Structure formats: structure tokens, C-alpha cells
Amino acid sequence: MSVKEKLKKVLIEDLNLEDLTPDEIDDDMALFGEGLGLDSLDAVELVVVVQKHFGVEIKDMEEGRPALQSISTLARFIEEKQGQ
Amino acid sequence: MSSWSSRSLGRNWQHQFFYLAIRLGGRRLAYFVLNFIVAWYVLFSREARRRCRFYLERRFPQAGRRQRLVQSYRLLQSFGQVLIDRATVGICGADQFRVTLRGKEDLLALLARNRGLILINAHVGCWQVAMSALGFMETPVNLLMQREEGDIDRHYFDHAGIECPYHIIDPRGFLGGALEMMAVLKRGEVLSVMGDRMLGDDRNGVPVDFLGGRVLVPYSAYKLAAATGAPVVALFSYKTGPASYQLELFRTITAPVSSGRDAQAFVPCAQEFADSLAAFCQRHPFQFFNFFNMWYE
């Protein structure tokens with residue numbers, strides 16, 4: 001399973017997005033606001049989810065802002081961190 | 001739902017007048033003048049009485065009309081004194097006030113866990129004067145604080161012409177400052193937030209019982225605690241004398257370890273905070289400064 005696929009799966013499970021399927025989440029869909037519809041408090045949960053399932057820590061805003069744009073940007077961030 | 005506005009009841013020239021009074025005659029002169037100003041507002045400003053009534057009707061439901069006038073006077077007088085004290089610290093220096101802390105050992109023990117520390121305050125007493133008692137913690141303090149354009153009441157560091165000694169996190173920043181707040185807690189720092197007013201979206205609040213009604217309070221602090229393992233304490237300040245304040249740890253609140261997206265999981269934490277605040281209002285009925293209708297039931 002690719003990082004993007006796993007990411008969609010854990011987002012649906014851990015953020016209780018049960019009315020969505022992985023196929024309905026576009027790779028470039030915005031995670032927050034319009035798009036997936038997550039809010040600022042979901043960002044807290046998302047950081048926990050990424051650490052729990054991928055062992056990757058989003059340390060601060062400098063890392064978080066570019067990473068938390070879409071599934072694509074977050075998957076890329078995770079892959080880069082895991083490759084280090 | 002929240003009808004809170006940062007717009008001050010007083011006008012800009014009135015604030016400036018008090019700053020001048022403090023410069024010329026110190027806190028005492030400003031207090032003296034305040035008594036007349038407050039009397040004027042209580043007698044002639046229906047808006048001022050209306051703003052006081054939201055809280056006073058909950059805190060003193062049995063009060064008659066005359067008692068309510070006296071209570072409005074006491075509430076506005078206390079609030080005015082706090083604003084004067086805040087300005088006095090900036091204009092004349094922090095040594096104008098003696099600040100004591102109840103719960104210092106507990107705070108040190110919680111900090112020693114090295115998981116950061118979340119201080120939940122409320123619009124009571126004068127946190128800006130009282131925060132000076134936290135210098136012993138020797139760790140950076142970060143404040144979640146929103147300042148509106150056009151705010152006319154100034155913070156003590158504005159008066160002093162110095163940079164704010166605390167790092168301000170703006171809730172209007174990226175993702176409401178959520179990542180920034182997580183980062184400071186991960187570094188073992190202190191994060192101070194207000195737990196009694198909603199800022200922005202009502203979805204970020206949970207309903208709790210408070211003074212016989214239902215109010216929405218934010219639950220972001222408990223969510224952050226659940227995510228980072230940071231302990232949470234309800235810490236309130238109150239004026240104990242003309243030149244003295246006390247900062248008191250009212251309660252340590254334990255957040256659930258993991259909660260997912262369900263806001264309801266944080267209701268018990270928010271209720272603990274509301275119960276602490278209600279206990280504060282019982283002890284210090286005229287030091288609660290939310291002049292808007294918090295209650296929706």
C-alpha cells in the first residue's frame with residue numbers, strides 16, 4: 001500500500017470521516033476548509049495520526065504549513081522524513 | 001452564538017484621561033476619579049447596566065432593582081480598578097503590586113513532567129498583573145491572544161513601550177495557531193489560553209453548565225492536552241487588596257488520552273473548568289468580567 005493510500009485509510013478511520021471512501025479523496029484536495037473540510041482542531045488530530053501511523057513528527061509550523069495542504073503534500077513530507 | 005465583542009464600553013478619550021491621572025497622581029487618583037465615572041455609567045447608561053445584568057442575574061438571581069444597581073456599581077468599579085492596575089503596571093512598573101501564588105509546588109511538579117503545561121485562565125481578576133508571579137517557572141510562556149484592530153484599552157507592555165514578554169500566538173494564524181501551540185508544548189513550554197470565551201467558530205466549543213444555565217466554552221486546550229500529554233490547570237487571578245493580587249491554581253484537569261474527532265469526549269474537562277469558574281464567582285463575585293450574554297439556555 002502506498003503512503004497516499006494508507007494516509008487516506010487512516011484519515012477516514014481516525015478522523016471519523018466514515019461518509020467518505022479512499023477513492024473519493026482526491027490527492028490534491030485541500031485538507032482544510034473547502035475540500036476535505038477539516039478544521040484547526042482536526043489539525044491537532046492529524047499531527048497525532050501521522051506520528052502514530054507513520055512514525056513521523058510534524059515539529060512546527062514551518063514543517064506543517066507546506067505539508068498539511070493536501071494528501072499529496074503530506075504523503076511527500078512523510079516519504080521525505082522516512083527516507084532521512 | 002457568542003455575542004462577545006472586544007469593543008470597549010469606555011471611549012478612547014476616557015482611557016487617555018485615566019492614563020494621564022495615573023501619570024499625575026498614581027493609582028489612587030485614578031481610583032478616586034473612577035468612582036464618579038462608574039456612578040455616572042450605572043445611573044445614566046442603560047447599555048452599561050444591560051451588560052452587567054447578563055452575569056449578575058445568574059450570580060444573584062434573587063436581587064431586587066436597588067441591589068442590582070449596587071451590584072452593577074461594584075462590578076464596574078472592580079473592572080475599572082483592574083484596568084487602572086493594568087495601566088499602572090505599564091506606566092509605573094510591576095513593583096506597584098504584590099502578587100502571591102497559591103499552588104506553586106503543584107505547578108513545578110507538573111512542569112517537571114516535561115510535557116509542557118497548559119494554563120487555562122478566564123476573564124477574571126487581572127491576569128496581566130498576576131502573570132508576573134510565574135517568573136519562577138523559568139520557561140517561556142506563550143499566550144493565545146487575539147487583538148482586534150481598534151481596541152482602545154492597552155496592555156501594560158503597550159504603556160511601558162516594551163515588547164510583550166510573552167510569545168503571542170494569534171488564533172487567526174495558520175490553522176488557528178494549532179500547530180504553533182502543539183510545538184510549544186512539545187518543547188516543554190507553557191501555553192496560556194482563555195477558557196471562557198469562544199473565538200470564532202462555535203464548532204470549537206462544547207456546552208457546559210455554568211451558573212444555572214448552559215454556555216459554550218472552547219475545548220481546544222483539552223484537545224491539545226490529549227494530543228501532547230500536557231497537563232492542564234485552571235489558574236485564576238483575583239485582587240486581594242488595593243495593591244495586591246493572588247494567582248491561584250484552582251484545579252488540575254486531566255484530559256482523555258486519545259479522543260479522535262469527538263468533541264463530546266472533552267465535555268467533562270470543560271465542565272471541570274466551568275465548575276472551577278463557578279467556584280471562583282462564588283468567592284469573588286465582582287471579579288468576573290464577561291460583559292456579554294454567554295448563556296444560550
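Helix α1(A) passes helix α2(A) in a right-handed crossing; a crossing is left-handed if the near helix is turned anticlockwise from the far one by less than a right angle, and right-handed if clockwise. Helices (H or I, at least four residues) and strands (E, at least two) are DSSP runs, numbered from the N terminus. The model is predicted: local features need pLDDT of at least 70 and side-chain atom pairs count only at pLDDT 80 or more, while totals for chains, interfaces and linings use all residues. Residues are numbered from 1 along each chain as its sequence is written, and chains are lettered from A and ligands numbered from 1 in the order in which they are written.

The axes of α1(A), residues 3-14, and α2(A) come within 11 Å and cross at roughly 125 degrees. Axes are lines fitted to C-alpha atoms, for helices over the stretch in contact, and angles run from 0 to 180 degrees between N-to-C directions. α1(A) and α2(A) are therefore oblique to each other; angles under 35 degrees count as roughly parallel, over 145 as roughly antiparallel, 65 to 115 as roughly perpendicular and the rest as oblique. On α1(A) the contact is made by A:Lys6, A:Val10, A:Leu11 and A:Asp14, and on α2(A) by A:Glu45, A:Val49 and A:His53. Two residues are in contact if their C-beta atoms, placed from the backbone, lie within 7 Å. The contact of α1(A) with α2(A) has three nonpolar, one polar and three charged residues. In this classification Ala, Val, Leu, Ile, Met, Phe, Trp, Tyr, Cys and Pro count as nonpolar, Asp, Glu, Lys and Arg as charged, and the others, Gly among them, as polar.

Chain A has four helices and zero strands, in the order α-α-α-α from the N terminus on. The C-alpha trace of chain A spans about 35 × 30 × 20 Å along its principal axes. A compact globule of 84 residues would have a radius of gyration near 12 Å, and the 12 Å of chain A agrees with this. The radius of gyration is taken over C-alpha atoms, and the globule rule is 2.2 Å times the number of residues to the power 0.38.

Between the chains, 18 residues of chain A are in contact with 17 residues of chain B. On the side of chain A that touches chain B, the elements that give two or more residues are α2 (40-54) and α3 (61-67) of chain A. The largest share of this side, eight residues, comes from α2(A). By class, this side of chain A has eight nonpolar, three polar and seven charged residues.

Chain B is divided into domain 1 (12-92) and domain 2 (97-283), with bounds that come from an automatic or database domain assignment. The C-alpha centres of domain 1 and domain 2 of chain B lie 25 Å apart.

In chain B, the axes of α2(B) (residues 46-59) and α3(B) (residues 65-92) come within 10 Å and cross at roughly 95 degrees. α2(B) and α3(B) are therefore roughly perpendicular to each other. Helices α7(B) (residues 178-186) and α8(B) (residues 220-228) pack at an angle of about 50 degrees, with their axes 10 Å apart. α7(B) and α8(B) are therefore oblique to each other. The contact is made by B:Met181, B:Met182, B:Leu185 and B:Lys186 of α7(B) and by B:Leu224, B:Ala227 and B:Thr228 of α8(B).
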